[in-house]
Structure formats: C-alpha cells, structure tokens
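Q: Please take me through this model, with the terms set out as they come up.

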Amino acid sequence: MIQFKLAYHHLVKNKNQSLPFIFSNAIWVAVVYIFLAMLYDTNLKNISFGAIAVALMQLGLGFVILVSGLAIIYAEQTLSKQRTKELGLYSMLGLNKHNLRQVIGIENLLFYAISTGLGLIIGITFSKLSVMSLRVLLNFEHLHQTLTIKPIAIAAIIFAIVFLLLTLYDFGGYATLILLHYGINLLKRKQYRKDIHF
C-alpha cells in the first residue's frame with residue numbers, strides 16, 4: 001500500500017523530529033499507566049487513609065491526562081511544517097484528498113502504536129518502583145501490587161482517543177493544502193481545455 005510506505009518513509013526520514021516526539025509521548029503513556037496501576041492493581045483503597053490517597057490519585061490522573069493530551073498536540077506541531085511540505089509534494093505527484101488523509105491517518109497510527117507500546121513497557125517496569133516508594137513514604141507496609149490487564153487497556157484507550165482527536169485536528173489543519181491541491185488540478189484542467197480548443 002503506497003500510503004503506508006509514504007507514512008513510514010516520512011517517519012523514518014525525519015527521525016530527528018519523530019524520535020523525540022515518540023519518546024515524549026511514551027513518557028506520558030508511562031505516567032498515566034502508573035497512576036492507573038496504583039488505582040486498579042493495588043490494594044490502596046483497603047489501607048488506612050487509602051481512600052484519601054485514591055482520591056488524590058484520581059485527581060492527579062485527570063490532570064495528567066489533560067496535560068498529556070495538550071502536550072502531545074503541541075509537540076505534534078513541530079512535525080507539521082515538514083509534513084506540510086511532504087503532503088504538498090505528494091499532492092503534486094497526484095495523490096487526491098482521500099490519499100492524503102490516509103497518509104496522515106497511517107502516520108498517526110504508527111506514532112500511536114510505537115508510543116503506546118513503548119510507554120506501557122516503561123510504565124510496567126517503573127510501576128513496581130512507584131509502589132515501593134509509596135509504601136516507604138506513607139508507611140503502607142501492607143500495600144502490594146498485582147499486574148492486571150485493566151490499566152493497560154484503559155491507558156491504551158485513553159491515548160487512542162487522544163491520537164484520534166489529533167488525527168481529526170490534522171485533517172482540519174491540512175484542509176487548506178487539500179483545497180490548494182484541487183485548485184491546482186482545476187487550473188490544469190482549464191489550461192488543458194484551452195490548449196485543445198486552441
């Protein structure tokens with residue numbers, strides 16, 4: 001599929017920008033996962049003062065999700081200038097509006113899959129350390145953690161929504177480019193008809 005090849009080529013070609021973007025997203029995924037793991041994979045709520053700790057965790061989780069979503073959208077803007085040039089080139093080579101949107105969608109899907117996968121690996125690795133730290137800081141001797149699929153699934157869904165919104169935002173942001181593509185094609189057709197009549 002040519003759209004997949006173009007999206008992958010753009011990601012690899014601009015790795016100096018893509019890698020920091022992926023790594024920063026992975027860190028946000030890891031942080032969100034750690035909060036979720038503390039809420040769903042531990043017996044925190046059953047410990048004395050655990051209800052307060054859970055409430056603070058939920059508040060912190062909401063804040064982190066909001067900040068991470070905004071940070072991802074902001075960071076993606078660093079890639080948009082180069083992406084606009086690439087899409088302009090693709091439109092000149094004959095890709096239509098649907099094709100350009102497919103390239104954007106596939107590229108964002110690759111960013112999501114890599115960032116989320118890496119972030120979950122980091123999060124799972126450091127969640128044990130977080131539980132140990134909380135046990136020492138709050139003197140929760142009976143605090144323990146059991147790895148389950150629930151926080152993994154929730155983190156994956158949260159960032160799937162973030163990247164879906166990012167993709168829709170990108171579609172709107174590149175609408176001008178797509179309209180320009182159609183304008184160029186229309187001018188080409190008019191010029192072609194003039195040449196025929198002449």
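A: Helices (H or I, at least four residues) and strands (E, at least two) are DSSP runs, numbered from the N terminus. This is a predicted model, in which local features need pLDDT of at least 70 and side-chain atom pairs count only at pLDDT 80 or more, while totals for chains, interfaces and linings use all residues. Residues are numbered from 1 along each chain as its sequence is written, and side-chain values use heavy atoms, with hydrogens and water left out.

Q: How many helices and strands does the protein have?

A: The protein has six helices and zero strands. Along the sequence the pattern reads α-α-α-α-α-α.

Q: And what does the protein average in pLDDT?

A: The average pLDDT (the predictor's confidence in each residue, from 0 to 100) is 78, and 76% of the residues score at least 70. Confidence is highest in helix α2 (residues 15-40), at a mean of 89, and lowest in helix α6 (residues 175-197), at 51. Over residues 192-198 the pLDDT is below 50, and this stretch has zero contacts (heavy atoms within 4.5 Å) in the model beyond near neighbours in sequence. Where pLDDT is low, the predicted coordinates should not be read in detail.

Q: What share of the contacts joins residues 24 or more positions apart?

A: Among contacts in the protein with a separation of 6 or more, 83% are between residues 24 or more positions apart. As for burial, 41% of the 198 residues count as buried; buried means under 20% relative accessible area, exposed over 50%, and partly exposed in between, with a 1.4 Å probe and protein chains only.

Q: Let us turn to Thr 116. Is Thr 116 buried or exposed?

A: Thr 116, placed in helix α4, is buried because its relative accessible area is 5%. A polar atom of its side chain lies 2.7 Å from the backbone oxygen of Tyr 112. Leaving aside neighbours within four places in sequence, Thr 116 is in contact with Val 29, Ala 156 and Phe 159.

Q: Then Thr 167: why does Thr 167 count as buried?

A: Thr 167 counts as buried because its relative accessibility is 11%. Its place is in helix α5 (residues 150-173).

Q: Which residue has a side chain in polar contact with that of Thr 167?

A: The side chain of Asn 108 makes a polar contact of 3.0 Å with that of Thr 167. A polar contact is a pair of N or O atoms within 3.5 Å; within protein, one must be able to donate a hydrogen and the other to accept it, and residues adjacent in sequence count only if both atoms are side-chain atoms. Apart from neighbours within four places in sequence, Thr 167 is in contact with Gly 105 and Asn 108.

Q: Which helix gives the largest share of the lining of the largest cavity?

A: Helix α3 does, with four residues. At least two lining residues come from each of α1 (2-13), α3 (50-92) and α4 (97-137). Among the lining residues are His 10, Arg 83, Tyr 90 and Ile 104.

Q: What about Arg 83? Where is Arg 83 found?

A: Arg 83 is found in helix α3 and counts as buried because its relative accessibility is 3%. Arg 83 and Ile 104 are 21 residues apart in sequence, with 8.8 Å between their C-alpha atoms.

Terms used: On a 1 Å grid over the protein atoms alone, a cavity is a set of points where a 1.4 Å probe fits but cannot get out, and a pocket is an open set with protein on both sides within 12 Å along at least five of seven lines; lining residues have an atom within 4 Å of a point.
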